[in-house]
Amino acid sequence: MSEAQKTGVIRFYDTHPINEDEILAKAAACGASLDALTQVDLKDFDQDHYGGTEVLDALADAAKIGSEHHVLDVCSGMGGPSRWLAYQRNCRVTGLDFTLSRVEAARRLTHRVRLDHLVDFVHGDATAIPLPSSCYDILIGQESWLHIPDKAALISECARVLKPGGTIAFTDVVMRSSLDQSTEERLAAEMQTANIASAESYAALLEKHGCAVAAQDDLTGEWKDILVKRLEMYRSLRDTTVTKFGESRYQEYDNAYSHFVGCFVANKLGGVRMLARKVA
Ligand SMILES: C[S@@+](CC[C@H](N)C(=O)[O-])C[C@H]1O[C@@H](n2cnc3c(N)ncnc32)[C@H](O)[C@@H]1O
């Protein structure tokens, strides 16, 4: 990953409309006491993927996550999914992310909801995971890997840190057919995507790195509606986004996200959920 790509992703998340202040403000507006927060107060605001805790529960059910497991959340953002899994299933979760502001926000939010005995966060790159081999029972990822140019290094690292027999369960943005150059360049410049995979190329990489694909589900239909609503949600955050990051960043993000959503509506982009087991 080039330094420019890395800086681009980090800036994107440093100036993202969904952030720690926004999550806390929304929880407070719903009547939660900031001095006595629980993960239930945060769960509707701290999940930066499509479909919230409902789809996370479905992913966790498919991966059969239980209290005996140590889960690695690859590209954990502000840690919403990591906290929800720990809260719901009483499992240990380690989140990994390379945007320091996200890692620090994840740690603070986790401390606030008193889950830091189960959840911790590591600052690092998913293509060079700074963790030992064969240590995690389950590995998850949600709507993050589209940013990672070297998908082979990503899947190789995911397979390395997973225990033999362990499960990798993720959802991600995929291309439905090859993207024309201008669309690809615009997505890369505005949404910090890089070499968006197809579902088939993910399946091939998993098999190559010793993980047998157990399920591959097309999420494109349900994601179209979710993404259209997400664009409306980001627009509803206009005032706070402008106050925090300025009018030009709001406009830049709105322009980028409108185009991104348009790619789903036009069937250029879609979503996939994949489940694979590391061959023992
Ligand atoms: C859309 S957020 C998803 C967060 C989380 N999965 C969730 O559902 O709330 C994507 C995250 O991926 C992280 N990311 C992107 N590329 C990465 C990389 N190469 N290594 C680690 N984290 C990365 C970003 O910093 C960002 O926090």
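**Figure 1. Burial and overall fold of the predicted model.** Of the 280 residues of the chain, 45% count as buried, and the structure shown is a predicted model. The chain holds 12 helices and seven strands. Its radius of gyration is 18 Å, close to the 19 Å that the globule rule gives for 280 residues, so the chain is as compact as a globular protein of that length. The C-alpha trace spans about 50 × 50 × 35 Å along its principal axes, and, among contacts in the chain with a separation of 6 or more, 77% are made by residues 24 or more positions apart.

**Figure 2. The largest nonpolar core.** In soluble globular proteins, nonpolar side chains tend to be buried together. Here the largest nonpolar core comprises 76 residues, and those with the most contacts inside this core are Val71, Leu139 and Cys158. Strand β5, which covers residues 162-175, gives the most to this core, with seven residues.

**Figure 3. Surroundings of Cys158.** Once its neighbours within four places in sequence are left aside, Cys158 is in contact with Val74, Leu139 and Ile168. Both Cys158 and Leu139 are listed with Val71 as the residues with the most contacts inside the largest nonpolar core.

**Figure 4. The shell around the ligand.** There are 22 residues around the ligand, of which Asp48, His49, Cys75, Gly77 and Thr99 come nearest. When this shell is divided by class, seven residues are nonpolar, 10 are polar and five are charged. Helices α1 (3-14) and α5 (80-89) each supply at least two residues of the shell.

Conventions:
Residues are numbered from 1 along each chain as its sequence is written. This is a predicted model: local features need pLDDT of at least 70, side-chain atom pairs count only at pLDDT 80 or more; totals for chains, interfaces and linings use all residues. A residue is near a molecule or strand if its C-beta atom, placed from the backbone, lies within 6 Å of it. Helices (H or I, at least four residues) and strands (E, at least two) are DSSP runs, numbered from the N terminus. Ala, Val, Leu, Ile, Met, Phe, Trp, Tyr, Cys and Pro count as nonpolar, Asp, Glu, Lys and Arg as charged, and the others, Gly among them, as polar. The radius of gyration is taken over C-alpha atoms; the globule rule is 2.2 Å times the number of residues to the power 0.38. A residue is buried if 20 or more other C-beta atoms lie within 10 Å of its own, exposed if 12 or fewer, and partly exposed in between; C-beta atoms are placed from the backbone. Two residues are in contact if their C-beta atoms, placed from the backbone, lie within 7 Å. A nonpolar core is a set of buried Ala, Val, Leu, Ile, Met, Phe, Trp, Tyr and Cys residues joined through C-beta atoms within 7 Å.
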